[in-house]
Amino acid sequence: MISYDSKFWPKDTCNTRDFDNAGTSKFITGMTPVKIAQWSLPGVLLFASSCQQKPEEVFPERPNIILIIADDMNWDDCGAYGHPHIRTPNIDRLADNGIKFTNAFLTTSSCSPSRASIITGMYPHQTDAEQLHWPVPADKITFVELLGDAGYWTAQAGKWHLGDAMTGRFDFIASEKAFRDAAGEEKVDLPAGDGSGCHLWTPTLNQRPDDRPFFLWLAALDPHRPYYENIIPEPHDPSDALIPPYMPDDPIVRKDFALYYDEISRMDSYIGQVIGELEKQGVTENTLILFISDNGRPFPRDKTTMYDGGIKTPFILQWPAAVSPGTVTPSMVSAVDIAPTLLKLAGVPSPDNFSGTDFSALLLDPATEIRDYIFAQAHWHDMERMYRAVRDSRFKYIRNFYPDLPNTPPADALYSMTFHKMVELKEEGRLTADQKNVFISPTPEEELYDLDNDPFELNNLAGDPGFAAELERMRTVLKEFMDSTDDVIPEVRTPDEFDRATGAPLPNRQWPRPGKFER
């Protein structure tokens, strides 16, 4: 197997996947749990009307639940969201048989902080795991153990990236060498892996007891970098690539996109195996499957940014017993809403300190509006950065608290063939203004975008007098949110651990990375 990124790739760059000299995949894990504070924000969040039917009165009792998390997949890089060339028949099948959310967003565009936010039902700054590789602290409550306390059998398989303290929250965990229960006891041998982590999914499903509802956290390592050739029987062709205008349409970039597409298709095949196993076991009808990504694609100006290429996610929910097939909803939801919603559907009360909103009413009426705004934030990820964002159905406001820093891509994107080509084209003066975003310094303190007319967020309206009222409105909403959730910008910056020009690890690079309160 040939890795196009490997010669530029320090082995500790991401610490979630590595390969030995024979191309055999290995897992590298390490992190921990989280705590939260109760908050309210009058006038900002629009909750479902209290006159609606209560979900427990209309939904089937205690569904089985499967959460499938892609690793670095852009929201529209599958057939279900309109991509004409990426082969994702099983993701598309979930959408055909369930409900597709067209305005779903993450709370951050960074791997482990996004997962910490999902599992705790809190925003990143509330989890104490807001920086990349910070483990979720042990004092944090997660929806997983609450499901377990209510009688669910809970299991995790694939990519971990949550931290050591979270292992006890699951009844069963599939690691790189053997299946283990929460006490660490080996169960069965694992099949050989292909680097995706997805080969662990169906064997984990087969470990479930027959007399209890189950919850599975199935996490892929696809389509995270590095990329390899010929990982699927029919690889995508560079001509299949849809290149956004903020990246150069170049043969090298197209090749990089094609390899990224291959990993999405590989993951999709494993989703098909899970669907098939559910059908074989006769439990499809009352099994809820939710498919999302943890952040956007690992390319410049996507992952780690507050643009939709970073924080917008595919969000597809299939539940034949309760959801009409082929449903589409434009209503906004956030990844922080997942925890309270799954608990609600399982008949389990949410803790007061969960920050999300139950969106189960959308499953009955896709026109229901759950919230007026979504919020997102960016913290240290390989390098320092500090952004906050608020988005409604049309406008997005981004506040940059460190405008002296460039919008440098994460280390995995720095080592990509795409970024190396962009550096070459920049030196030759062949990049457009929109393609220079990741090289510019200083960066704007404020950005405002009209997503209806500017979906790629290229025309910053923050300085346009015609949008002064919208700018002030969004400023106010963001400030109220930050004040209400005790979101305070740190007094001391976290040092970069990778060189922003070369991508090389710096001498202060630490692995495993100590947690927030261990530094």
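Student: What share of the 519 residues in the protein chain is buried?

Tutor: Happy to start there, with the reminder that this is a predicted model. Buried residues make up 62% of the chain. The accessible surface comes to about 18,800 Å², and 49% of that belongs to carbon and sulfur atoms.

Student: Why is T202 called buried?

Tutor: Set the value against the cut-off. Buried means under 20% relative accessible area, and T202 has 12%, so T202 is buried. You will find T202 in helix α6, which spans residues 201-205.

Student: Which residues is T202 in contact with, leaving aside its neighbours within four places in sequence?

Tutor: Those are Q273, V274 and E277. Contact here means heavy atoms within 4.5 Å.

Student: What makes a set of residues a nonpolar core?

Tutor: The members must be buried residues of the listed nonpolar kinds, joined through side-chain atoms within 4.5 Å. The largest such core has 95 residues, and F143, W201, F215 and W217 touch the most other members. Helix α7 (residues 251-281) gives the largest share of this core, twelve residues. In soluble globular proteins, nonpolar side chains tend to be buried together.

Student: Which residues does W217 touch, not counting those up to four places away in sequence?

Tutor: Among them are L67, I69, I118, F143, L162 and F170. R115 and Q156 are also touched by W217. A second, separate core has 16 residues, including V336, Y373, F395 and L461.

Student: How do you know that strands β17 and β18 pair?

Tutor: Pairing needs at least two bridges between the strands. Five bridges join β17 (residues 395-400) to β18, so the two strands pair, and they run antiparallel. Along this pair, I398 stands opposite E447 in β18.

Student: Which strands form the open sheet, and in what order?

Tutor: The order is β15-β16-β17-β18, with antiparallel pairing. What makes β15 (374-378) and β18 (446-450) edge strands is that each pairs on one side only. On average, neighbouring strands of this sheet are turned by 15° against each other, direction ignored.

Student: Which helix packs on the sheet?

Tutor: That is α13 (residues 468-484), which touches β15, β16 (387-391), β17 and β18. The direction of α13 makes about 60° with that of β17.

Student: How many helices and strands does the protein chain have?

Tutor: There are 13 helices and 18 strands. Among contacts between residues at least 6 apart in sequence, 75% join residues at least 24 apart.

Methods
Residues numbered from 1 in each chain as written. Predicted model: local features only at pLDDT ≥ 70, side-chain atom pairs only at ≥ 80, totals over all residues. Heavy atoms only, no water. Helix = DSSP H or I, 4+ residues; strand = E, 2+ residues; numbered from the N terminus. Buried < 20%, exposed > 50% of the residue type's maximum accessible area, 1.4 Å probe, protein only. Axes fitted to C-alpha atoms, helices over the stretch in contact; angles between N-to-C directions. Areas by Shrake-Rupley, 256 points an atom, 1.4 Å probe, with all protein chains shown as cover.
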